[in-house]
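Hi,

Here is the structure I promised to pass on.

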Amino acid sequence: MTEINWPVYLGVFSASVLGAVIPAAIYVVFLWWLDRYEKEPFWLLAFAFLWGAIPANVFALIINTALGLPLYIVAGEELGMLGTASLVAPVVEESVKGLALLILVLLFRKEFDNVLDGIIYGGMIGFGFAMTEDFDYFVRGYASGGWEGMWAIILLRPTLFGLSHAVFTSVTGAGIGLARLSPKWSTRLLVILAAWAGAVFLHA
């Protein structure tokens with residue numbers, strides 16, 4: 001029976017948490033600062049961030065795994081991984097993140113009334129999603145490459161890809177905010193679908 005090296009486990013966990021939380025906090029504060037004229041309610045921003053951090057990640061993990069498994073079986077590990085990352089994940093993740101935007105615009109219409117609101121809420125969801133995803137990548141980085149592998153990912157991922165999820169979901173949010181300005185339901189639906197497709201395309 002292998003003895004658990006608790007100091008190492010705690011070190012990896014702590015470094016992964018700090019590596020994920022600190023960049024996310026910096027990005028969130030900056031995004032909040034950008035919304036200078038009519039700031040959104042803190043509790044709605046917190047809902048958006050936490051949706052991205054927890055439910056969206058859980059739903060994405062389950063659905064990505066279920067839809068990606070046939071690709072692994074048919075195409076093998078490498079092609080299955082590529083297909084899941086480039087075809088399945090963009091559709092699934094932008095859908096589960098975008099679901100929170102629909103909840104916000106349907107239940108709190110007075111607080112979601114233009115394009116900027118959509119960008120702010122979408123960015124918050126994206127930063128929450130990226131924070132949890134980064135934690136997972138950091139832990140896996142240690143598992144595959146030791147401390148060097150983990151620190152390399154901690155240094156590179158939040159800087160090179162730290163804005164990615166926020167940008168993707170902000171596209172959907174901007175589309176929903178734009179749709180709010182149209183009196184026709186058909187136009188609203190078309191704009192939202194086009195924005196979601198744009199987010200999926202950028203993600204892919």
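Which backbone nitrogen lies 3.1 Å from a polar atom of the side chain of Asp 117? It belongs to Asp 113. I'm counting that as a polar contact, meaning a pair of N or O atoms within 3.5 Å; within protein, one must be able to donate a hydrogen and the other to accept it, and residues adjacent in sequence count only if both atoms are side-chain atoms.

Before the rest, the ground rules. This is a predicted model, so local features need pLDDT of at least 70 and side-chain atom pairs count only at pLDDT 80 or more, while totals for chains, interfaces and linings use all residues. Residues are numbered from 1 along each chain as its sequence is written, and side-chain values use heavy atoms, with hydrogens and water left out.

**Asp 117**

Asp 117 sits in helix α5, residues 115–160 (helices are DSSP runs of H or I, at least four residues, numbered from the N terminus). Asp 117 is buried but has no salt bridge. Buried here is under 20% relative accessible area, exposed is over 50%, and partly exposed is in between (1.4 Å probe, protein chains only). A salt bridge needs a side-chain nitrogen of Lys or Arg within 4 Å of a carboxyl oxygen of Asp or Glu. The nearest side chain of opposite charge is Arg 180, 7.6 Å away (Lys and Arg count as positive, Asp and Glu as negative; His and the chain ends are not counted). Setting aside residues up to four places away in sequence, Asp 117 touches Glu 40, Glu 111 and Phe 112, where contact means heavy atoms within 4.5 Å.

**Core**

Phe 112 turns up again here. In the largest nonpolar core, which has 34 residues, Phe 112 and Tyr 121 touch the most other members. Such a core is a set of buried Ala, Val, Leu, Ile, Met, Phe, Trp, Tyr and Cys residues joined through side-chain atoms within 4.5 Å. α5 gives the most to this core, with ten residues. Beyond four places in sequence, the contacts of Phe 112 include Tyr 121, Ile 176 and Arg 180.

Helix α2 has twelve residues and reaches 16 Å from first C-alpha to last, close to the 16 Å expected at 1.5 Å a residue (1.5 Å times one less than its number of residues). Its buried residues include Leu 44, Phe 49 and Trp 51.

**Salt bridges**

How many salt bridges does a search of the whole structure find? Four. Here are three pairs:

- Lys 97 and Glu 94 meet at 2.9 Å, N to O. Both are buried, and they are separated by about one helical turn because they are three residues apart in helix α4.
- Asp 134 pairs with Arg 157, with the closest N and O atoms 2.5 Å apart. Asp 134 is buried at 8% relative accessible area, and Arg 157 also counts as buried, at 16%.
- Arg 140 pairs with Asp 136 at 3.0 Å between the closest N and O atoms. These two lie four residues apart in helix α5, about one turn. Arg 140 is partly exposed at 46%, and so is Asp 136 at 35%.

Finally, salt bridges that share partners join Glu 133, Asp 134 and Arg 157 into one network.

Cheers
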